[in-house]
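Welcome! Please have a look at the sequence and structure first.

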Amino acid sequence: VIDCGLMAAGFENWKRLGKDSMVGFEPRYIEDWSKGYSSTYPCRNCAYSVLWPTKGAFLHKSFYSLYFSSTYETIRRKVDEYTTGEDMLMVYVHFNSYFSQRHESPRTLCIQPGPNYQRTFYESSNRIGFFERLWYSTYVAPIQNGFKMGGFALNKRTASHRPEIMGLIKELSTQLTPSMLVPPKTNTFFFVHDQNGNGIVNSINVAV
């Protein structure tokens, strides 16, 4: 669950950066599309190369229309067949659309809670009200328990197909946007909720 304060900060920054940008909360590092990706690298190095938009991000609806265009039909069929990889495909749709118009990498911003961040949503049962606790115990907790047990977790059942999706994206990238073969790294912004609560990020630094 993405905290409400982070969600609000993400939306405000997305509006500031413009509708062609992406602001999200799930960073990944891709050295090369044929080598897979890492979810731990962004945490250890405070840098990432892509955001998984379908795990939670602000992205203009026009990119979802492009997602269903004929350009990506082959990959999309595999995504539908395996029920995985839509996050990776959407990353490429966003990159390809932006790059084809501006000949530069798209603006992305990852927001994570800083060490002093004051959460506005609490999972602990003694910190939330009755209706929130009922909602959590009815809908959230069973899903989390399923993930821990690995029984019906989608990522457990479909992980073996993701390399094939990445390979198809690499092939298309070679034809259309070779610069996407090695996505540029971007610094992660760790958001600390300030007194005004606006959470505006004043700059985005690209790691070189």
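The protein has eight helices and eight strands, taken as DSSP runs numbered from the N terminus (helices are H or I with at least four residues, strands are E with at least two). This is a predicted model, in which local features need pLDDT of at least 70 and side-chain atom pairs count only at pLDDT 80 or more, while totals for chains, interfaces and linings use all residues. Residues are numbered from 1 along each chain as its sequence is written, and side-chain values use heavy atoms, with hydrogens and water left out.

Some overall values come next.

| Item | Value |
|---|---|
| Buried residues | 41% of the 208 residues |

Buried means under 20% relative accessible area, exposed over 50%, and partly exposed in between (1.4 Å probe, protein chains only). Of the contacts (heavy atoms within 4.5 Å) between residues at least 6 apart in sequence, 72% join residues at least 24 apart.

Now to the helix pair. Helix H4 (residues 73-82) and helix H8 (residues 162-176) have axes that come within 10 Å and cross at roughly 175°; the axes are lines fitted to C-alpha atoms over the stretch in contact, with angles from 0 to 180 degrees between N-to-C directions. H4 is therefore roughly antiparallel to H8, a label used for angles over 145 degrees.

On the H4 side, the contact uses Ile75, Lys78, Val79 and Tyr82, which meet Glu164, Ile165, Leu168, Ile169 and Leu172 in H8. These residues comprise seven nonpolar, no polar and two charged. Thr74 also lies in H4, and it counts as exposed because its relative accessibility is 57%. Thr74 and Leu172 are 98 residues apart in sequence, with their C-alpha atoms 9.9 Å apart in space.

What does Ile165 touch, not counting residues up to four places away in sequence? Its partners are Ile75, Lys78, Val79, Tyr82, Thr84, Gly85 and Met88.

Ile165 and Ile75 are also among the residues with the most contacts inside the largest nonpolar core, which has 29 residues. Such a core is a set of buried Ala, Val, Leu, Ile, Met, Phe, Trp, Tyr and Cys residues joined through side-chain atoms within 4.5 Å. Strand S4 (50-51), helix H3 (62-67), H4, helix H5 (86-102) and H8 each supply at least two residues of this core. H5 gives the largest share, eight residues. Apart from this core lies another, of nine residues, including Leu17, Val23, Phe58 and Ile111.

Definitions and conventions:
Parallel < 35°, antiparallel > 145°, perpendicular 65-115°, else oblique. Nonpolar A, V, L, I, M, F, W, Y, C, P; charged D, E, K, R; others polar.
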